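Student: Hi! Could you walk me through this model?
Tutor: Happy to, let's have it on screen.

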Amino acid sequence: MAETPAPPEAAGANPAPPSTMGAHVERAELTVRDLLEAGVHFGHQTRRWNPRMKRFLFGERNGVHIVDLDQTLPRFQKALDFLRETVASGGKVLFVSTKRQAQSFVEAEAQRCEQYFVSRRWLGGMLTNFKTVRKSIEHYKELLELVADAEKVADLSKKELAGINREVEKYKRSLDGIKEMTRLPDALFIVDVGRESIAVKEANRLGIPIVAIVDSNCDPESIDFVVPGNDDSTRAIQLYCQRVADACAEGARIFNERVQSEVSEQERTRAAGEVAEKTGTGRVVVEIKQQPRRGRGTHSAAPRQDREREPERDDAEAPSAPAPASE
């Protein structure tokens, strides 16, 4: 590997709380310096490389491949933009990494941005056979409700309760991060595609886009958004997860604002409809004022010249006198 194994505290079983630098990551723009400080540029030993990663490598140093960060940075930014747009349109992202040094970060950051995660064990057919997995999720929820009910627990024997607890722990390792997932995710974020090869194959079969950290010993051909970088360094994994979680959180904020604006628009439309109904038929009533007709019965409203001519019209209408005889 490119770096020493992660310390025990970083790879513990309990999820680590979100880092205090999370707020700083949201405001700061990602730079090559950030990638260098996290050790993203360190690949694997030259004898363990995958030739298909050659175009993403800068060179080698002391028998270790060096990743070209000038390619990593724009590719990572493009992947973050894609995840942000996916969540902003109402989609969900599944964080996947079962390696020990990534488990705590995947769990903590996925929970922070309210997305799904798989950090302990990937069940075969989790995506391609989701209907069956969904039944297991429902059974897992039923067991959780049973354990949480003190009255029902009191009616169980010690042997029955121990068996239920063992079953809950078994389901928790593989289903705890997806127990609220009612449909297939819209995108996957994977750390170490070599270790998570089954997840990659299932996503490719279903056409689900994949954003993945691809090290120098992995195959990038089946990945939609390739982010070349170190997938073993604890600091690098923490950086990846924090940035992805920030992008998902921003996308969720955009989605919520969009939904609220649509609800407000519907309320305004509904209010306008209620006002229209109160007026009667619901149609807009327009009062049309006609100009007064000129003629009889409208002398007061007729122009002055017309009023002066009216007696003449009356005389003209009377029977005319016989004309005098001509001499």
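Student: What should I know before we start?
Tutor: This is a predicted model, in which local features need pLDDT of at least 70, side-chain atom pairs count only at pLDDT 80 or more, and totals for chains, interfaces and linings use all residues. Residues are numbered from 1 along each chain as its sequence is written, and side-chain values use heavy atoms, with hydrogens and water left out.

Student: Which α3 residues are buried?
Tutor: Among them are Leu73, Phe76, Leu80 and Leu83. Buried means under 20% relative accessible area, exposed over 50%, and partly exposed in between (1.4 Å probe, protein chains only).

Student: Switching to rings, how many aromatic pairs are there?
Tutor: The search of the whole structure finds four. Rings of Phe, Tyr and Trp (its six-membered ring) pair if their centres lie within 6.5 Å; planes under 30 degrees apart count as stacked, over 60 as edge-to-face and the rest as tilted.

Student: What kind of pair do Phe82 and Phe225 form?
Tutor: A stacked one, 4.5 Å centre to centre with 25° between the planes. Phe82 is in helix α3 and Phe225 in strand β8 (residues 225–228), 143 residues apart. Phe82 counts as partly exposed because its relative accessibility is 21%, while Phe225, at 17%, counts as buried.

Student: How about Phe95 and Phe189?
Tutor: Those two are edge-to-face, at 5.5 Å centre to centre and 75° between the planes. Phe95 lies in strand β4 (residues 93–96) and Phe189 in strand β6 (residues 187–191), so the pair ties together parts 94 residues apart in sequence. Phe95 is buried at 0% relative accessibility, and Phe189 is buried at 0% too.

Student: Last one: is Glu109 buried or exposed?
Tutor: Buried, because its relative accessible area is 4%. Glu109 lies in helix α4 (residues 100–112), and its side chain makes a polar contact with the side chain of Arg112 at 2.7 Å. A polar contact is a pair of N or O atoms within 3.5 Å; within protein, one must be able to donate a hydrogen and the other to accept it, and residues adjacent in sequence count only if both atoms are side-chain atoms.

Key:
Helix = DSSP H or I, 4+ residues; strand = E, 2+ residues; numbered from the N terminus.
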